[in-house]
Amino acid sequence: MRNLLKETAQRAIAYLEGLESRRVAPDAEALAGLKKFDEPLPDGPVDPESVLRLLSDIGSPATPAMAGPRFFGFVVGGSLPVALAANWLAGAWDQCSTFHRVTPATAVVEQIALSWLLDLLGLPPTCGGAFVTGGTMANFTALAAARHALLTREGWDVEGDGLFGAPPLTVAVGAEAHPTLFKSLGLLGLGRRRVITVPVDSQGRMCPDALPPLSGQTIVCVQAGNVNTGAFDPIVEICERAHDAGAWVHVDGAFGLWASVAPSRAHLAAGLQNADSWATDAHKWLNVPYDSGLAFVRDPHALLKAMAITAEYLPTETTERNPSDYTPELSRRARGVDVWAVLRSLGRSGVADMIERTCRQARRFAEGLENAGYRILNEVVLNQVLVSFGDDTTTNRVIAGVQADGTCWCGGTVWQGQTAMRISVSSWATTDADVERSMEVMLRVAKTENSRL
Ligand SMILES: *Cc1c(COP(=O)(O)O)cnc(C)c1O
């Protein structure tokens with residue numbers, strides 16, 4: 001065991017150390033190598049060290065360098081070394097982190113991490129919270145609490161009786177809401193399509209004047225951080241209107257919620273604390289390993305009622321916080337351990353610096369590309385940049401060219417009818433030199449593509 005784990009750790013360290021100098025996108029040879037995994041199920045046991053060697057030799061080169069400093073696709077953070085290390089240790093613990101009484105260490109660490117998060121994000125300290133797999137499940141979890149609370153008011157027990165015959169709930173969602181929010185609503189029986197879509201402006205911000213009539217049976221889903229533009233819905237105004245009518249406000253802040261930590265961005269997040277529930281990711285901007293999402297609910301009782309179970313064989317009775325009373329999962333890894341390690345290591349100012357730095361780097365990308373004559377399609381308020389290199393075909397060619405070059409990686413999108421390259425600066429590892437080096441490649445590829453016209 002010792003040799004296997006030691007050798008694997010060494011390979012992992014070598015992988016991480018190699019991220020600086022390797023291509024971000026795997027090359028054709030590495031991808032072709034994946035065919036070697038395609039073999040019949042072994043008839044019997046083989047030496048574990050050879051298994052790990054195979055995984056490392058074939059798998060590692062075929063991974064895109066998402067953990068490295070120049071991956072700007074989607075909204076992908078890296079893993080801070082302290083988070084990865086905590087993740088390794090917690091993996092060794094292999095705790096089924098369900099009940100406080102059974103796994104006290106992870107239950108306590110998660111409880112502390114939750115209260116630190118509420119403090120850091122400026123949310124009410126009495127909120128209920130859950131460590132889940134990601135933003136999709138965080139939205140699902142928080143919205144399950146919303147569904148519970150609103151239907152309880154109507155005298156309906158949704159956990160017991162389901163949604164057939166229940167008083168209807170109205171859900172209002174911005175037209176540029178993240179696609180997974182619709183999925184979460186679908187999973188809850190609230191419908192992907194049944195929602196009322198509220199028109200948005202050029203940045204994807206909901207127009208509050210276009211909200212439907214609100215009532216105590218309405219859930220309004222606002223967005224803190226659009227995945228393309230980084231824009232925030234006008235939260236203060238929406239909360240005011242919604243709460244006047246008794247509606248529930250849920251915030252999808254998968255990455256944008258972290259803006260409240262950074263002094264220069266906190267204005268974007270102003271009023272967030274007035275909402276009723278929040279979803280965010282830790283595996284994006286907090287830079288912990290996948291998978292790690294967070295749900296917070298102002299009324300902890302609503303979350304508990306939506307998620308808790310009881311059974312004779314389970315030690316559910318306790319005065320302590322049982323992690324699984326707040327999550328869709330029963331058996332679960334203690335994701336909060338990785339989060340705790342980052343917060344314990346960076347502290348308030350360290351997290352703020354990481355958010356500030358990546359936002360500044362996004363601005364630098366926008367400035368450099370704009371100075372070279374390319375059009376930035378969004379107001380760069382956060383860590384997201386949308387750039388057009390000309391017509392749609394040219395922009396797509398530049399994206400392909402940048403990916404093929406391998407220095408960095410950016411994806412594409414279509415923003416309100418226009419093709420753009422997305423630059424999302426979300427990693428702790430990105431240095432200013434990485435930004436300059438990546439920008440040189442973008443400009444060189446863009447120049448080549450434009451000169452072909
Ligand atoms: C990434 C993202 C999600 C989905 O989060 P996952 O962790 O991928 O499930 C939801 N909403 C927004 C705004 C996002 O950026």
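Asp291 sits in the loop between strand 6 (277–281) and strand 7 (293–297). Strands (E, at least two residues) and helices (H or I, at least four) are DSSP runs, numbered from the N terminus. A cis peptide bond joins Tyr290 and Asp291. Omega there is about -10 degrees.

The model is predicted: local features need pLDDT of at least 70, side-chain atom pairs count only at pLDDT 80 or more, and totals for chains, interfaces and linings use all residues. Residues are numbered from 1 along each chain as its sequence is written, and side-chain values use heavy atoms, with hydrogens and water left out.

**Backbone**

- Phe74 has a positive phi, near 45 degrees, in a residue other than glycine.
- Phe74 belongs to the loop between helix 3 and helix 4 (81–93).

**Ligand site**

- The ligand is surrounded by 14 residues (a heavy atom within 4 Å of the ligand).
- The closest are Gly135, Thr136, Asp252, Asp281 and Lys284.
- Polar contacts here are pairs of N or O atoms within 3.5 Å; within protein, one must be able to donate a hydrogen and the other to accept it, and residues adjacent in sequence count only if both atoms are side-chain atoms.
- Gly135 places a polar backbone atom 2.8 Å from an oxygen atom of the ligand.
- Asp281 uses a polar side-chain atom, 2.7 Å from a ligand oxygen atom.
- Lys284 has a side-chain N or O atom 2.8 Å from an oxygen atom of the ligand.

- Two packed helices are described by the angle between their axes and the distance between the axes.
- Axes are lines fitted to C-alpha atoms, for helices over the stretch in contact, and angles run from 0 to 180 degrees between N-to-C directions.
- Helix 6 (residues 135–153) packs on helix 8 (residues 179–187) at about 45 degrees, with axes 9 Å apart.
- Helix 6 is therefore oblique to helix 8.
- Angles under 35 degrees count as roughly parallel, over 145 as roughly antiparallel, 65 to 115 as roughly perpendicular and the rest as oblique.
- The crossing is right-handed; that is, the near helix is turned clockwise from the far one by less than a right angle, while anticlockwise counts as left-handed.

**Helix 11 and helix 13**

- Helix 11 (residues 336–371) and helix 13 (residues 432–451) meet at about 30 degrees, their axes 10 Å apart.
- That angle makes helix 11 roughly parallel to helix 13.
- Helix 11 crosses helix 13 in a right-handed sense.
- On helix 11, the contact residues include Arg360, Arg364 and Phe365; on helix 13, Asp432, Glu436 and Met439 are among them.

**Helix 1 and helix 3**

- Helix 1 (residues 2–18) packs on helix 3 (residues 48–59) at about 10 degrees, with axes 10 Å apart.
- Helix 1 is therefore roughly parallel to helix 3.

How values were computed. Contact = heavy atoms within 4.5 Å.
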